[in-house]
Amino acid sequence: VLFRSVNYNGNRGIDYYLDNIRFIGNTVCGGYYTFHLKSISGYTGNFDKIEGMVIDSNIICDGRYYGVHAEGEGKFKSFSHNYVYKIDSTNSFIALYSTRTKQWGIVNGNRIHVYSKANCVGLHFEGDQTTNSDDTLIISNNEIILSDSNSKKCISVSSTGPVVIVHNSVF
């Protein structure tokens, strides 16, 4: 089994972080993590100077446990208009998992469809979400369908930063 379809493991030192990377219009399938994006811990630089990462208009399919697993002190401008799906699974699955990321911009217009007999989560954010109180995580206009699951959480947020959740459809 492929472990990670797309992998960045930023553990080389504080000068390396995810910046100005764009995944747009791709189909990425498989792996334990379809996307595994780990920025460094302990980055003390100015996040305002970092362009950040964009993951837009992609098909992200059939990861074993995660669609996108983002961890560490990265800046993510947009996760929008993606189609994330997992069909016929007996494994727990999280479509977008984010822990200890410093800045998220917008999570908008995604379609997340998971058909699983196990526990499932659509969008999960935990830990520090922002380094600047003016930055707000906006979760809007997403369609999240979790079918046949034992336990379902469409949107789960446990963070210290400002968050706006508006106009989502959850089933």
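Predicted model: local features only at pLDDT ≥ 70, side-chain atom pairs only at ≥ 80, totals over all residues.
User: Okay, how many disulfides does the structure hold, and which cysteines form a disulfide?

Analyst: The sulfur atoms of Cys29 and Cys61 sit 1.7 Å apart, and the cut-off is within 2.5 Å. So that pair passes the test. The count for the structure is one disulfide, formed by Cys29 and Cys61.

User: How many residues apart in sequence are the parts that this pair ties together?

Analyst: Cys29 lies in strand E3, residues 27-29, while Cys61 lies in strand E6, residues 59-61. Cys29 is partly exposed at 38% relative accessibility, but Cys61 is buried at 2%. The parts that the pair ties together are apart in sequence by 32 residues.

User: Why is Cys120 in no disulfide, and how far away is the nearest cysteine sulfur?

Analyst: Cys120 is buried, with a relative accessible area of 2%, and Cys154 counts as buried too, at 16%. The closest cysteine sulfur to that of Cys154 is in Cys120, but the gap is too far for a bond. So for Cys120, the nearest cysteine sulfur, that of Cys154, is away by 9.7 Å.

User: Now Thr99: which side chain does its side chain make a polar contact with?

Analyst: Thr99 is found in strand E10, residues 93-99, and is buried at 8% relative accessible area. Among the residues Thr99 touches are Ala70, Gly72 and Glu126. The polar contact, at 3.2 Å, is with the side chain of Glu126.

Note on methods. Residues numbered from 1 in each chain as written. Heavy atoms only, no water. Helix = DSSP H or I, 4+ residues; strand = E, 2+ residues; numbered from the N terminus. Buried < 20%, exposed > 50% of the residue type's maximum accessible area, 1.4 Å probe, protein only. Polar contact = N/O pair within 3.5 Å; in protein donor to acceptor, adjacent residues only side chain to side chain. Contact = heavy atoms within 4.5 Å. Lists of a residue's contacts leave out its neighbours within four places in sequence.
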